[in-house]
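Please look at the sequence and the 3D structure below. The text after them walks through contacts between side chains.

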Amino acid sequence: MSTQLRSEGWSVRPSFVPHGAVTPVTLLADESALTQLAGDPTVAWQTPWSELTNIQLVRFSRGMALFATAAGVRYCWRNPSRNDFEALRAMVIAHGGVVARHRRRAGVYSVAVIVLIAALAGGIGSWLFRNSSGSSELADARHVNLTLKDLPIGWYLAPATETSPLADIFSAAGKVETIPTKPAKKKKQNAVLTEIFGDFAKCLGVAPPRDRVYGAAGQLPDYEVSSQIFASATYGGIEAVSASQYYHTTTMVHEDTAEMSRKNFGSCFVTSNVALVRAINGAKSPTANAGVNYRPATFLRGWSRGGETVLSLPNQSGSPHLVMVEMTSAHYEVTLGVLVNDWPKSEAFVSSLTSTLLSRIVSPSSKPV
């Protein structure tokens, strides 16, 4: 067979023969057939494309998967790399298959995503909305967030075809979340969320009903809006996003700040974010506080605290660091989320981003035009 594509680094489920090798797997493909080379020593299996049905190629944020049915058996090949995605994509489409991007926000966790961004800066109920855009407060909330102009040359908008773990914990860019005009009927909270939020309160040393971040004591912001997710190849690969919240009174922000000033807030908060991202991705949550406190180096009057920890996900290569930073001043609470491979080399840069955001809630004149 004249090979047009040779792709290495795959695994396969199920094995082609009882107790057969499932890794390492190399896929060879040309116009007529798909060939698998599995195990060491290598065992080859070849089948014409015409004998494969329901072919699907799925692109993940850090990998890809190929599905196909042969002789009544559904096979799945997985690869933590996407280096050969475009070449394989052309093959799959040419032989009647479909290509898709995996969307992780499904089932009960679609609610969890909304709940977490609501809780990022105090108030689990802020995912209940009302339509009241157009005010100066909303405009200010929009202008607080990161823009491409805030970032060095080489940064870019994360492509729409990518699905970043940051998208699991920040709302869609530009979507305005507002408080409801009428109280909504209370829904029973998902058991996984109850456990994650309870672990956070225990970590922080507060009773869950008195917790202002995820618990019943949280108060609702008037407006909440997130930035785009930005990316760069620097620091081994880095992504950043922000979310700003405008609260009706400075007292509400002051009381949130008092709770978030507890010693372990940063480590507890980033651990809770990891727990939710892993739950959305079908992985077990951390059983203990996995985060480390991180104090951004800033010289502004506003308040900021953060935490960082490693984020590993199933079927994805690498273990980048997740960094979460909270900032407060006057009517504002702002969250910065960063996913980066080189930590702590990027620590000073994250502090610089914190200073940029903090300056905008401390001094309105510093907001971008």
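This is a predicted model: local features need pLDDT of at least 70, side-chain atom pairs count only at pLDDT 80 or more; totals for chains, interfaces and linings use all residues.

Residues are numbered from 1 along each chain as its sequence is written, and side-chain values use heavy atoms, with hydrogens and water left out.

How many aromatic pairs does a search of the whole structure find? There are 14. Rings of Phe, Tyr and Trp (its six-membered ring) pair if their centres lie within 6.5 Å; planes under 30 degrees apart count as stacked, over 60 as edge-to-face and the rest as tilted. Phe16 and Tyr75 make a stacked pair, because their ring centres are 4.4 Å apart and their planes meet at 5°. This pair links distant parts of the chain: Phe16 is in the loop between β1 (5-13) and β2 (25-29), while Tyr75 is in strand β7 (residues 73-79), 59 residues apart. Helices (H or I, at least four residues) and strands (E, at least two) are DSSP runs, numbered from the N terminus. Both Phe16 and Tyr75 are buried. Buried means under 20% relative accessible area, exposed over 50%, and partly exposed in between (1.4 Å probe, protein chains only).

Tyr294 and Trp343 form an edge-to-face pair, with 5.2 Å from centre to centre and 85° between the planes. Tyr294 belongs to strand β14 (residues 292-294) and Trp343 to the loop between β17 (332-340) and α7 (347-362), so the pair ties together parts 49 residues apart in sequence. Tyr294 and Trp343 are both buried. Elsewhere, ring pairs join Phe197, Phe200, Tyr214, Phe265 and Phe269 into a cluster.

A ring can also have a charge over its face. The rule asks for NZ of Lys or CZ of Arg within 6 Å of the ring centre and within 35 degrees of the ring normal. Arg59 lies over the face of Phe85, 5.1 Å from the ring centre.

Next come the salt bridges. Side chains of opposite charge can pair when their charged atoms come close. A salt bridge is a side-chain nitrogen of Lys or Arg within 4 Å of a carboxyl oxygen of Asp or Glu, and the count by this rule is five. One of them joins Glu8 to Arg6, with the closest N and O atoms 3.3 Å apart. Glu8 is partly exposed, because its relative accessibility is 49%.

Arg360 and Asp150 meet in another salt bridge, at 2.4 Å from N to O. Arg360 is in helix α7 and Asp150 in the loop between α3 (136-144) and β9 (156-157), 210 residues apart. Arg360 is buried at 3% relative accessibility, whereas Asp150 is partly exposed at 21%.

Arg212 forms a salt bridge with Asp256, the closest N and O atoms being 2.7 Å apart. Arg212 is in the loop between α4 (191-204) and β11 (223-226), and Asp256 is in helix α5 (residues 250-260), 44 residues apart. Salt bridges that share partners join Arg212, Glu255 and Asp256 into one network.

Finally, the structure holds one disulfide, a term used for a pair of cysteine sulfur atoms within 2.5 Å. The disulfide joins Cys203 to Cys268, S to S 1.9 Å, and is left-handed, with -75° about the S-S bond. Cys203 is in helix α4 and Cys268 in helix α6 (residues 265-280), 65 residues apart. Cys203 is partly exposed at 24% relative accessible area, and Cys268 is buried at 2%.
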